[in-house]
Amino acid sequence: MTRIGAVHAVLPPHRYEQYEITEALAGMAAGAGGGRGVVERVHAAAGVRSRRLALPLEQYARLGDFGEANDRFIEAAQDLGEEAVRGALDAAGIAPDEVDLVISTSVTGIAAPSIEARLAGRLGLRPDVRRLPVFGLGCAGGAAGLARLHDYLEPRPQGVAVLLSVELCSLTLQRADPSTANAVAGALFGDGAAAVVAVGRDRAAAGPEVVAARSRLYPGTERLLGWDIGAGGFRIVLGGELPDLVRDHLGPEVEDFLAGHGLKTGDVTGWICHPGGPKVLEAVREALDLPARALEPAWRSLAEVGNLSSASVLHILRDVLAGERPLPGSPGLLLAMGPGFASELVLLRW
């Protein structure tokens, strides 16, 4: 049995209303030969009211090449990552030198040494701490990372493990890309970080139990979601058929996973769903035949901070833990989808 000790979510300091970001990106699109109207329409339909950015908004137009953007990623990711991990450890009442494993995930920047290695000394982690930096899981990285914490801790009843997600999506901005996919990315994605502290069965923890997890790849869908990486950095790949794929496959996948634990979707009292965007959230609701209120935490997070890629589902988990929790002993389901195309499911018990 694995238990969640604490979740700490952080955001960068630069907050903007959606209309301010729309105006800036519409100007960049027009300068690159794109349609200002397309940007404005996509932003208006994104369900996002405000976002936090790693840099002041006016600096994005002056960013140089991929190398400069990635340097800014490394700098900001260390500050946000340190704040997230310190906050989670403090909330869980665990000292840094008790941590046995750190998993870090991001899909918006590259660092070698990786972010958790750069933070180890600053945080006071042991020199023999195990590390696992993960790149490429995208929006599914928070759910997959939590599942891998569970895999590690299940046979280690005294173990302590930390998951760190840092996503600075704004630094992947493609100013010269007039595509609709790039406009959608510019309308949805924000910046943020989160850390989860989890412990083995013999340690006390205030959070829910992680019961089981499942990962699923859907063959032939590799070009639905991801990056094309070139001289300008990360260029979004985003297929319009993504909501249909969710409708077709997510329902049977979730039902089969829950059935393996003697449960049905109606038994789940807390849905912690990655907010991929309005069309994806509606597809999730339809696929699982959920009442509209079931995904309210995801809709609220999307409106307040945008899609934070792998960090989003952890922010929503933090929000659920801080609010009115479901009844003790009842099941919850944390789910996210990402490049592959893939889904990640984590069964919780409150």
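How many of the nine residues of helix H6 (residues 180-188) are buried? Select that stretch and take a look: seven of the nine are buried, so helix H6 is largely enclosed by the rest of the structure. To pick them out, highlight Ala181, Asn182, Ala183, Ala185, Gly186, Ala187 and Leu188. "Buried" here is under 20% relative accessible area, with exposed being over 50% and partly exposed in between (1.4 Å probe, protein chains only).

A quick word on ground rules. This is a predicted model, in which local features need pLDDT of at least 70 and side-chain atom pairs count only at pLDDT 80 or more, while totals for chains, interfaces and linings use all residues. Residues are numbered from 1 along each chain as its sequence is written, and side-chain values use heavy atoms, with hydrogens and water left out.

Now zoom out and show the whole chain as a cartoon. If you like drawing boxes, the C-alpha atoms fill one of roughly 60 × 45 × 35 Å along the principal axes. Buried residues make up 57% of the 350.

Next, select the cysteines. Searching the whole structure turns up zero disulfides, a disulfide being a pair of cysteine sulfur atoms within 2.5 Å. For Cys139, the nearest cysteine sulfur is that of Cys169, 7.3 Å away. Cys139 counts as buried, at 11% relative accessibility. Then click on Cys273: its closest cysteine sulfur is in Cys139, 11 Å off and too far for a bond. Cys273 is also buried, at 0% relative accessibility.

For the last stop, go to helix H3 (residues 66-92) and select Glu82. Is this residue buried or exposed? At 17% relative accessibility, Glu82 counts as buried. Now show what sits around it: leaving aside neighbours within four places in sequence, Glu82 is in contact with Leu119, Arg122 and Leu123. Contact means heavy atoms within 4.5 Å.

Terms used: Helices (H or I, at least four residues) and strands (E, at least two) are DSSP runs, numbered from the N terminus.
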